[in-house]
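Trainee: Could we go through this model together, one question at a time?
Mentor: Gladly, let's take a look.

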Amino acid sequence: TYNTENKVIHDYNNLILSLPRENGCETEYMYFFHGFWCPSYLIQSVNTFQNKFHAKDNDIVVASMPKSGTTWLKGLAYAIVNRQHFTSLENNNHPLLLFNPHELVPLFEVNLYGGKDILLPQIDVSNMIEPRLFGTHIPFLSLPKSVKESSCKIIYICRNPFDTFVSYWNYINKVRSKKSLTELTLEESFERYCKGICLFGPFWDNMLGYLKESIERPHKVLFLKYEDLKEDVNFHIKRIAEFVGFPFTQEEENNGVVENIIKLCSFESMKESKGNQSETVSTIYEKKFFFRKGEIGDWVNYFSPSMIERLSKVIEEKLSGSNLSF
Ligand code: A3P
């Protein structure tokens, strides 16, 4: 029997077959779709997201390449925006101590429109309390029109590609191991990373798309670096709060609210919190996978001299001309 659902599946299968394909990282294959690489299960969800989602002017979106500090920034954004509900940020009931930031700030393409095929909890967008906080790894140009054109705010975080790659490689192998897939070698993954073939990559296109927008529309996109946040998180939390329209009052600063948020979202606190201990985000994506070392410069333990040279060249070639450097 031929019904609408079969037709949709058939159309998607045809679309998928027509796309450029490479070996995947946490799935068998990855496809080049809308200017970025993603597993087949995301193709339908990205389409649904583009067709169905309507941004509200007070929405806040945390955007990033995977492994750039998304979990941290989601935590910070959530803590900043919701701080009036939690007067004492030191109590043990703060949602950030009981849940993983990915449960509090859902990814559009995974937790909202991922469908039942993705083994992750789905969130009903109509039940969300405002201002709604979302996450995404999709490049700016591929976001739905309403996200790009409404007054909703986007905070983008990027990270030194050397550390991002090391974090990514460790992460995908943990996921692969849960799926009983063989480990990807460092060399193989690195080769593909340098060609731009990684989840939501090429990384340079993803970064440059948001960077351009942050320059042209500074009230729309705030562009951050993981390294800068590490260096002076106090300064950047205040910038973020101001950007999303929730600036700290002098009284709050005097009362240590900023410091409490820093503590609440610190690597150690998040990693050790009750919310990140026992439970898993799903059977495949364990919460603890999101917390490894949280350091700058761990790449020196992984890179050979030729790898350093290769990635430096890629960065030079792809990012020169922008004012982005690492
Ligand atoms: P490492 O693998 O280098 O340790 P994402 O959140 O985008 O998936 O990125 C994960 C990276 O951010 C991991 O890097 C992880 O350890 C680090 N991270 C997670 N929470 C953090 C926090 N609260 N502060 C700093 N880094 C954090």
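What follows is a short talk about the ligand site and the cavities of this predicted model.

Trainee: Which element gives the largest share of the shell around the ligand?
Mentor: Good place to start! Two helices, α3 (70-81) and α15 (267-272), each supply at least two residues of that shell. The largest share is three residues, and the element they come from is α3.

Trainee: How many residues lining the largest cavity are nonpolar?
Mentor: That cavity has a volume of about 50 Å³, and its lining includes C25, M30 and R192. Elements giving two or more residues to this lining are α8 (161-178) and α9 (186-194). By class there is one polar residue and one charged, while the number of nonpolar ones is seven.

Trainee: Which elements give two or more residues to the lining of the second largest cavity?
Mentor: The second largest cavity has a volume of about 40 Å³. Among its lining residues are P161, T164, F203 and M207. The elements you want are α8 and α10 (203-216).

Terms used
Residues are numbered from 1 along each chain as its sequence is written. This is a predicted model: local features need pLDDT of at least 70, side-chain atom pairs count only at pLDDT 80 or more; totals for chains, interfaces and linings use all residues. Side-chain values use heavy atoms; hydrogens and water are left out. Helices (H or I, at least four residues) and strands (E, at least two) are DSSP runs, numbered from the N terminus. On a 1 Å grid over the protein atoms alone, a cavity is a set of points where a 1.4 Å probe fits but cannot get out, and a pocket is an open set with protein on both sides within 12 Å along at least five of seven lines; lining residues have an atom within 4 Å of a point. Grid points are joined across faces, edges and corners, and a volume is the space filled by probe spheres set on the points. Ala, Val, Leu, Ile, Met, Phe, Trp, Tyr, Cys and Pro count as nonpolar, Asp, Glu, Lys and Arg as charged, and the others, Gly among them, as polar.
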